[in-house]
Amino acid sequence: MSFYHVYKQLKLLDFEGFLNSVTSNDIKRILHKDLINDEDFLMLLSPAAEECLEALAQKAHRVTVQHFGKTIQLFNPIYISDHCVNHCTYCSFSVTNQFKRQKLTMEEVDREAKNLASNGIKHILILTGESKLHSSVSYIKETVEVLKKYFSSISIEINPLDTEEYKQLREAGVDGVTVYQEVYNEDVYRDFHVKGPKRNYRYRLDTPERGCEAGLRSVNIGTLLGLDNWRKEVFFTGMHANYLQNKYIDTEIGLSLPRIRPHLGNFNPRSEVNDKAFVQSLVALRLLLPRSGITLSTRESAVFRDHLIPLGITRMSAGASTEVGGYSLESQGTNQFQISDERGVRDICDALYKKGYQPIFKDWIHS
Ligand code: SF4
């Protein structure tokens with residue numbers, strides 16, 4: 001049994017018919033519930049729920065404060081290689097894009113880490129393009145050894161690995177993995193991933209589960225908003241997180257809602273996801289999964305990020321760069337995508353304090 005079997009059942013639903021049949025009375029009834037079920041969750045993603053968005057947002061705020069207090073954990077991404085063998089048309093690192101690729105040496109990783117660590121944030125996320133040749137498990141292990149000198153929690157967002165490989169990285173000091181399905185709709189997935197190992201939908205879909213089986217402390221999933229109908233994609237994301245959380249009760253299952261941003265190439269989103277849709281997705285996920293961490297990236301603008309803080313967010317990046325060597329090297333790489341919120345750590349902290357929130361620089365120490 002894997003989430004794939006659940007997905008195959010769920011995709012048979014008459015989404016359009018169901019979503020259009022929901023009324024504002026259905027949403028008002030859900031607003032009075034302490035815990036919502038799968039059907040309620042889908043109703044919260046309906047057009048009818050848009051009319052009750054303010055009330056839903058207030059409820060999402062209360063639920064988040066109940067489980068997390070008014071705290072936001074901060075983290076920094078570090079890009080160490082932009083070599084990639086995949087053909088994702090929505091990403092600068094696609095193998096089809098021509099630019100000078102880079103991979104950091106351990107001396108360069110050390111320099112980047114030292115520079116980043118000076119801002120005080122102790123959570124770091126290692127990112128690479130997807131190339132087993134350029135970002136092998138041994139290369140990631142070496143990187144982790146360097147980062148351990150500066151950071152207390154190290155997560156990875158790299159090419160999907162086997163369970164044994166995740167175990168090796170856990171033993172080396174990695175405590176979390178992020179892997180986005182990008183798009184749950186299997187047919188659309190194949191349209192966007194025409195070649196390369198990422199074309200294997202099932203292997204990618206099962207990746208978070210392999211991370212759980214390897215004993216990683218936290219596993220973070222998400223869909224790239226804009227690749228297909230957002231109501232269905234957010235529904236599958238919530239169902240996937242729910243499946244993982246119920247099956248792996250010791251693992252912290254987290255979520256992100258990345259929206260497509262400008263990048264190298266000329267891909268335009270297939271499905272429009274406006275700010276209102278983003279908020280609706282966020283509050284629906286929060287009400288389905290009251291204890292799950294939700295990450296908000298610098299893909300969103302500073303103003304919008306500030307508005308979202310009280311609505312269910314628990315993690316944010318700050319002062320982030322999405323290019324290899326972006327923190328200290330003269331010869332920097334290409335942005336994976338354009339950042340929208342370019343504020344540094346101090347400004348992000350000020351914004352959080354203004355809203356009555358406490359930024360958390362460190363809440364974990366690896367053994
Ligand atoms: S999204 Fe990931 S796999 Fe696809 S091109 Fe970008 S880095 Fe490579």
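**Close-up 1. Residues around the ligand.** In this predicted model, the ligand is surrounded by Cys84, Asn86, Cys88, Tyr90, Cys91, Phe93, Ser94, Gly129, Glu130, Lys198 and Gln336, where a residue is near a molecule if one of its heavy atoms lies within 4 Å of it. This shell divides into five nonpolar, four polar and two charged residues; Ala, Val, Leu, Ile, Met, Phe, Trp, Tyr, Cys and Pro count as nonpolar, Asp, Glu, Lys and Arg as charged, and the others, Gly among them, as polar. Residues are numbered from 1 along each chain as its sequence is written, and side-chain values use heavy atoms, with hydrogens and water left out. The model being predicted, local features need pLDDT of at least 70 and side-chain atom pairs count only at pLDDT 80 or more, while totals for chains, interfaces and linings use all residues.

**Close-up 2. The packing of helix 5 and helix 13.** Helix 5 (residues 53-68) and helix 13 (residues 275-288) pack with their axes 9 Å apart and at an angle of about 45 degrees, and they are therefore oblique to each other (angles under 35 degrees count as roughly parallel, over 145 as roughly antiparallel, 65 to 115 as roughly perpendicular and the rest as oblique). Among the residues that meet are Leu53, Leu56 and Phe68 in helix 5 and Val279, Val283 and Leu287 in helix 13, contact meaning heavy atoms within 4.5 Å. By class, this contact has nine nonpolar, two polar and three charged residues.

**Close-up 3. A salt bridge between lysine 149 and aspartate 110.** The closest N and O atoms of this pair are 2.6 Å apart, a salt bridge being a side-chain nitrogen of Lys or Arg within 4 Å of a carboxyl oxygen of Asp or Glu. Lysine 149 lies in the loop between helix 7 (137-147) and strand 3 (153-157) and aspartate 110 in helix 6 (residues 106-117), so the pair ties together parts that are 39 residues apart in sequence.

Definitions and conventions
Axes are lines fitted to C-alpha atoms, for helices over the stretch in contact, and angles run from 0 to 180 degrees between N-to-C directions. Helices (H or I, at least four residues) and strands (E, at least two) are DSSP runs, numbered from the N terminus.
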